[in-house]
Amino acid sequence: MHIPDGFLSPQTYLPAYGAAAVAWVWAARGLRATLDEVTVPRLAMLTALAYGLGLIMLPLPGGTSGHAIGVALLALIFGVRAAFVAYTGVLVLQALLFGAGGITALAVNALALGLVGALAAVGVRRLCAPAGETFSVALAAFAAVLLPALLIAVVLGIQPLIARQADGAPQFFPFGLEITLPAVLLPHLFIGIGEAALTVLVWRYARRKKWVVA
Amino acid sequence: MGGGVNPARRWFLAYAAALVAASCVHLPALLAAALGIALVAAGRMRWQLLKRSLLALAVFNLSVSLGYTLVALWQQNFVAETLLLLNLRALLMVFLGFWLVSRIDLLALLAGWPTLSLCATLAIGQIRAYQRVLEEFRMAFASRNPQPPRLIDRARHAGTQGGALLDKSLTSAGEVALAMRSRGAFDA
């Protein structure tokens with residue numbers, strides 16, 4: 001669900017870079033201590049999986065795309081900080097190698113998908129843990145898709161209010177919230193279900209390999 | 001050895017500045033001129049880069065452009081210049097991105113940040129490992145199925161492929177990590 005280059009005004013992406021910089025410093029701090037020759041290959045493997053999932057995308061009329069994300073998996077197995085840093089790397093590679101997403105939109109995409117997605121996954125998993133492992137992991141993955149989708153839809157939808165020409169024509173993304181909210185959120189309800197199923201499958205793989213405990 | 005900012009980072013900073021500049025320009029003619037200059041400066045790679053940029057742009061901007069055209073025509077406030085502005089700006093930005101990647105080594109950008117370099121090296125290695133394994137599986141599946149496979153065969157194949165992909169990828173990442181450890185990559 002990345003936002004591509006050229007859709008966001010500088011009034012949006014420059015402050016977003018400020019916020020993301022703080023979040024990146026926070027995430028990177030202490031990350032090195034958690035990485036060793038056992039966790040790094042796993043992180044690299046799931047990061048590459050997230051990268052691959054993100055490239056199978058369907059353009060949505062709301063100005064973004066629909067695809068699985070994989071950030072819930074990263075967050076549930078490695079924690080929010082590692083997931084945020086790893087997903088930022090995924091977004092940079094997708095932007096520069098495939099033109100999917102973009103560098104001007106990187107901070108917004110990273111904050112929405114990488115940070116909010118990871119926080120949603122970990123938060124929902126903890127809240128719903130008493131309801132059972134499969135249910136809580138599935139719901140965590142669903143939330144990690146839907147919450148970022150909502151944020152992306154709002155950021156896109158406010159662009160016509162933020163940046164207009166003198167004649168009122170939009171300078172950047174042209175649709176308002178009345179279009180972006182349904183256009184982005186409705187397909188992501190279904191994508192969230194797919195992501196939940198995929199996350200449960202890979203989570204079980206991770207359990208079999210004893211990467212995670214219940 | 002020369003000091004100062006490494007060349008990859010210098011190119012990246014120039015690219016970032018160009019992106020900010022492009023997003024502050026709202027005249028299609030100026031953006032078209034900038035794209036023209038970038039095309040000339042890109043040298044022999046220009047048409048290949050432009051083709052890739054147009055393909056990437058089509059994925060996102062086509063649906064937005066069509067949507068904008070339909071909605072604006074319906075609301076009777078269609079402005080062709082807006083459509084041109086959106087697409088030219090996005091095309092210029094995507095072109096600059098692909099041009100940058102054709103000029104620099106992405107890992108050189110991370111020089112000086114060992115943890116990020118380590119993760120990026122491994123992740124890029126894994127992406128290549130995935131590509132290789134997927135291609136091998138695709139060819140093996142095609143060779144076993146001279147007739148179009150049934151849905152159940154496809155599902156079974158996808159399941160086996162997924163498991164093998166994760167196992168192979170983990171093994172290869174583990175080997176790389178051990179090699180990096182022997183070279184001191186995990187030393188504090």
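Which helix gives the largest share of the lining of the second largest pocket? I will come to that after some ground rules.

This is a predicted model, where local features need pLDDT of at least 70 and side-chain atom pairs count only at pLDDT 80 or more, while totals for chains, interfaces and linings use all residues. Residues are numbered from 1 along each chain as its sequence is written, chains are lettered from A and ligands numbered from 1 in the order in which they are written, and side-chain values use heavy atoms, with hydrogens and water left out.

Now the pockets. On a 1 Å grid over the protein atoms alone, a pocket is an open set of points with protein on both sides within 12 Å along at least five of seven lines; a cavity is a set of points where a 1.4 Å probe fits but cannot get out; lining residues have an atom within 4 Å of a point. Points are joined across faces, edges and corners, and a volume is the space filled by probe spheres set on them.

The largest pocket holds about 1300 Å³. Its lining has 45 residues, with A:Thr88, A:Val92, B:Leu110, B:Trp113 and B:Leu116 nearest the centre. Among the elements that give it two or more residues are helix 5 of chain A and helix 6 (114-144) of chain B; helices here are DSSP runs (H or I, at least four residues), numbered from the N terminus. By class the lining has 37 nonpolar, six polar and two charged residues. Nonpolar means Ala, Val, Leu, Ile, Met, Phe, Trp, Tyr, Cys and Pro; charged means Asp, Glu, Lys and Arg; the others, Gly among them, are polar.

Helix 3 and helix 9 of chain A, with helix 6 and helix 7 (151-182) of chain B, each give two or more residues. Back to the opening question: helix 7 of chain B has the largest share, seven residues. The lining divides into 17 nonpolar, six polar and two charged residues.

The largest holds about 60 Å³, and both chains line it, with residues including A:Asp5, A:Ile103, B:Tyr15 and B:Phe98. Helix 4 of chain B gives the most, four residues. The classes there are seven nonpolar, four polar and one charged.

The second largest cavity has about 50 Å³. A:Pro4, A:Asp5, B:Phe60 and B:Asn61 are among its lining residues. Helix 3 of chain B gives the most to this one, four residues.

Last, the surface. A:Leu186, A:Leu189, A:Phe190 and A:Ile193 make a nonpolar patch of about 430 Å², and A:Leu186 sits in helix 9 (177-208) of chain A. Patch residues have over 30% relative accessible area and no salt bridge, with like charges joined within 9 Å and nonpolar side chains (Val, Leu, Ile, Met, Phe, Trp, Tyr) within 5 Å. Accessible areas come from the Shrake-Rupley method with a 1.4 Å probe, and for residues only the protein chains shown count as cover. A salt bridge is a side-chain nitrogen of Lys or Arg within 4 Å of a carboxyl oxygen of Asp or Glu.
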